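This briefing covers selected helices, backbone exceptions and contacts of one protein model. The structure comes first, and the points follow by topic.

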Amino acid sequence: MRTALLGFSVGVGVVQLQSTLLPATWATTLLVSAVLLLLAFKRIKTAQIRLPLVASVAALLGFAWATLFAQFYLQRSLPVELEGRDITVIGTIDSLPASVEQGVRFNFLVERVLPLDGVTPVLPPRLALAWSSGFFGQTTQVVGDVQPGERWQLTVRLSRPHGNANPYGFDYEAWLLEQNLRATGYVRPDTDARLKNGRLAAFVISPGNLVERSRGWLRARILAALPEKRYAGVLVALVVGDQRGVVQSDWNIFTRTGIGHLISISGLHITMVAGLFAALGQALWRRSFFTDAALPLRLPAQKFAVLVGVAVALLYVLLAGFGVPAQRTLYMLSVVALALWCGRLTRVSSVLCIALAVVLLLDPWAVMAPGFWLSFGAVAIILYASVGRLPPAPATTRWQRWRAALMPATQTQYVVSIGMVPLTLLLFGQVSLISPLANAIAIPLVSFVVTPLALLGSVAPVPFSGWLLWSGHACIDLLAQALTWLSGLSWAVWSAPVPSWWAFCTAAIGTLWWLAPRGWPLRWAGVAGWLPLLTTLPTHPQTGQFDVIAFDVGQGMALLVETAGHRLLYDTGPAYAPESDGANRVLLPYLKARGIGALDAVIVSHSDTDHSGGALSLLAALPVGWVSSSLPLDNRIVRAASIHRRCLAGQRWDWDGVHFEMLHPTAVSYTSDKWKPNARSCTLKISAGGHAILLPGDIEATSEIELVNRIPGQLRSTVLLSPHHGSGTSSTEAFLDAVAPTLAVFQVGYRNRYHHPKPEVFARYAEHGIERVRTDDSGAITLQFSQNLTLSTYRSTHARYWYDR
């Protein structure tokens with residue numbers, strides 16, 4: 001059975017690496033054939049023959065199942081012709097609303113669509129919507145007080161699922177597919193009285209709505225009892241699994257100290273709560289023997305305890321939002337409970353394999369989540385290092401009893417800390433060195449003190465609820481102070497480039513050798529398997545060559561320039577929200593995964609937030625040699641820089657055989673108030689080996705003409721970053737003639753509100769015979785400048801079937 005379950009899981013995982021899917025008819029045929037073959041293989045008695053065949057056919061079964069699953073979800077995507085249209089829908093609030101700046105985000109379950117131009121549009125069943133206050137033309141919009149389970153009529157404007165596509169970045173499109181959200185959009189003002197936005201029913205009864213309303217009620221109680229408290233969001237995460245209230249700065253601390261897995265409804269919490277209620281149920285059931293009911297004679301107390309434990313675990317997992325770690329724990333507990341109920345004990349490895357297969361059966365995309373690998377990886381390594389080992393000698397003294405009580409926890413923490421290093425490096429490019437110490441403090445405090453206090457406080461009557469929640473918050477506050485100090489240590493985190501697959505496999509084999517049972521020969525030699533992890537260095541171009549990656553940051557600019565020994569960042573992407581920007585969402589994950597721990601220079605072309613929005617986050621997270629910008633000297637970015645210099649035409653420097661030259665702005669532009677920030681954009685030319693790239697920021701026609709008149713011979717470049725994202729006020733004929741690029745890069749957001757690039761400007765490049773590539777279509781764009789210019793785009797090199805669907 002384990003062979004078949006593992007084969008099925010491998011087949012599901014392979015589907016998520018495909019750029020296209022098998023047709024549904026082929027997948028159905030493959031599914032039926034695989035089932036029939038598995039039934040036929042039962043007759044084969046020789047294990048050496050049967051097991052490989054079962055594994056192979058089970059993999060085909062998993063491949064076919066995941067393919068059909070994906071085909072079903074993809075068929076529900078928003079039709080292209082409905083993008084950007086105002087559509088009125090009626091349905092229910094299908095999730096816990098999340099408060100965002102000036103509004104709220106929520107999922108919406110569509111029940112009915114009102115006709116559009118006399119025809120009723122066909123929409124996906126679930127939508128991801130945002131409702132923001134502000135001005136829409138001449139109309140001011142007020143955000144409604146939406147609550148889970150309510151029925152609303154809303155006028156919405158939708159688009160197909162789309163997210164930023166960058167190496168080592170979060171795949172938002174895959175996440176939307178997993179959540180069955182096949183359209184995103186926002187609520188529009190109700191200009192037509194007949195189509196007015198409004199609540200139609202206070203609550204619509206359904207199992208999902210009951211769960212979400214309960215989660216909302218518990219969250220509201222916690223937040224009301226802890227007004228303006230910093231860690232109230234942590235208690236909400238522990239009770240209902242909603243982590244959106246934890247601020248980014250706290251997440252950084254939890255990540256650096258390796259306790260992020262505790263700030264949620266983890267498997268440990270579920271097991272603890274289920275075990276507590278199971279023990280209580282068993283005790284009460286046994287006591288009923290002394291009443292007239294005689295319940296233990298009707299049903300053994302152990303079986304009743306199993307039912308109580310599974311029921312409580314299911315309830316807790318539903319409150320958690322059904323995340324992968326919670327699912328894994330629920331399925332494992334259910335398998336064990338079923339074995340105990342039926343009187344058939346089963347192997348622990350079989351329980352893990354069943355949980356693995358069930359998770360992927362219900363959610364084939366779970367395999368792409370880091371939490372999936374961390375969850376199952378941690379359990380697997382603990383089982384490997386503990387199951388089948390000889391028990392310790394019986395304790396006779398008090399010290400031996402204390403030691404016997406502490407040794408299992410210490411051994412488990414040691415095994416997890418060592419065993420998860422290769423996987424953690426593969427997923428995140430860093431390992432917390434202080435994680436064992438931080439977890440030794442945090443696990444008992446969070447699991448056995450804070451979580452029970454939070455759970456009891458969320459349901460207890462006033463004033464007891466307030467006392468319990470305040471106590472839990474006080475414990476988290478003390479823990480956070482200790483973690484803040486630990487995370488501030490310079491050696492708290494070891495960062496390294498994300499290893500290659502061969503390096504990861506070598507390290508994994510070495511880890512298994514290291515954690516093998518006593519008596520295994522030369523266990524210490526397993527450390528040798530880690531050598532590729534310890535010696536891997538960030539890649540870089542050769543001397544006289546340079547690479548440029550234009551990140552997909554939405555409507556904004558951010559490009560990383562790399563030479564043999566230096567790295568320069570041109571612009572830092574936009575600000576998305578108060579705690580979310582191009583740096584912490586895109587740039588820092590990429591740099592961390594590459595093992596890049598510092599930058600030699602950062603150029604912020606001008607003050608517009610789509611170019612400077614990530615600068616402060618970047619400067620706070622990484623050492624930067626110097627910053628150059630056209631910003632006012634009292635700007636926060638200028639003050640945050642250790643060394644700042646103004647961009648001035650004529651500045652030149654050379655790194656590793658690559659020439660850098662600042663072409664704009666001139667010194668006189670800083671003496672006049674008539675220059676807009678766009679007109680002062682730092683314009684940088686980088687050249688080597690007969691090739692060059694021109695980075696002009698947001699300069700417009702006036703600045704372009706000034707450059708053409710002042711230095712026409714210095715503008716010629718192989719690649720041009722389209723000025724001002726291809727706006728209608730830039731990319732003049734004279735400028736394009738002077739630059740004469742063979743390739744133009746457009747950094748633009750998908751369906752951005754400025755409609756960049758303008759169709760007439762985009763066509764102008766084609767008329768000049770210039771190849772065009774844009775980040776909203778291609779994802780991150782990588783250019784390698786050597787003897788030849790090499791272009792690659794992320795959505796092509798990392799093609800997946802859910803892109804552009």
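**Helix kinks, helix packing and backbone exceptions**

Helix 20 has a kink of about 35° at Leu588, shortly before the proline Pro589. The bend at a residue is the angle between axes fitted to the seven residues ending there and the seven starting there. Helices (H or I, at least four residues) and strands (E, at least two) are DSSP runs, numbered from the N terminus.

The model is predicted: local features need pLDDT of at least 70, side-chain atom pairs count only at pLDDT 80 or more, and totals for chains, interfaces and linings use all residues. Residues are numbered from 1 along each chain as its sequence is written, and side-chain values use heavy atoms, with hydrogens and water left out.

**Kinked helices**

- Helix 16 (residues 435-459) has a kink of about 45° centred on Val446.
- Val446 is one of the buried residues of helix 16, which also include Ala442, Asn439, Val450 and Leu453.
- An α-helix has 3.6 residues a turn, so residues three or four places apart point the same way.

**Packing around helix 13**

- Helix 12 (residues 348-362) and helix 13 (residues 370-386) pack at about 170°, with their axes 10 Å apart; axes are lines fitted to C-alpha atoms, for helices over the stretch in contact, and angles run from 0 to 180 degrees between N-to-C directions.
- That angle makes helix 12 roughly antiparallel to helix 13 (over 145 degrees; under 35 is roughly parallel, 65 to 115 roughly perpendicular and the rest oblique).
- The contact (heavy atoms within 4.5 Å) involves residues including Leu352, Leu356 and Val359 of helix 12 and Phe372, Phe376 and Leu383 of helix 13.
- By class, this contact of helix 12 with helix 13 has eleven nonpolar, no polar and no charged residues; Ala, Val, Leu, Ile, Met, Phe, Trp, Tyr, Cys and Pro count as nonpolar, Asp, Glu, Lys and Arg as charged, and the others, Gly among them, as polar.
- Helix 13 and helix 15 (residues 421-428) cross at roughly 180°, and their axes come within 11 Å.
- Helix 13 and helix 15 are therefore roughly antiparallel to each other.
- Pro370, Trp373 and Leu374 of helix 13 meet Leu423, Thr424, Leu427 and Phe428 of helix 15, giving six nonpolar, one polar and no charged residues.

**Backbone exceptions**

- Most residues other than glycine have a negative phi, and most peptide bonds are trans.
- His664 and Pro665 are joined by a cis peptide bond with omega about 10°, and Pro665 lies in the loop between strand 21 (658-664) and strand 22 (683-688).
- The bond from His756 to Pro757 is also cis, with omega near -10°.
- Tyr168 has a positive phi of about 65° and is partly exposed at 44% relative accessible area.
- Ala740 has a phi near 50° and is partly exposed at 30%.

**Ser465**

- Ser465 lies in helix 17 (residues 464-487) and is buried, with a relative accessible area of 6%.
- Leaving aside neighbours within four places in sequence, Ser465 is in contact with Arg221, Gly457 and Ala460.

Notes. Buried < 20%, exposed > 50% of the residue type's maximum accessible area, 1.4 Å probe, protein only.
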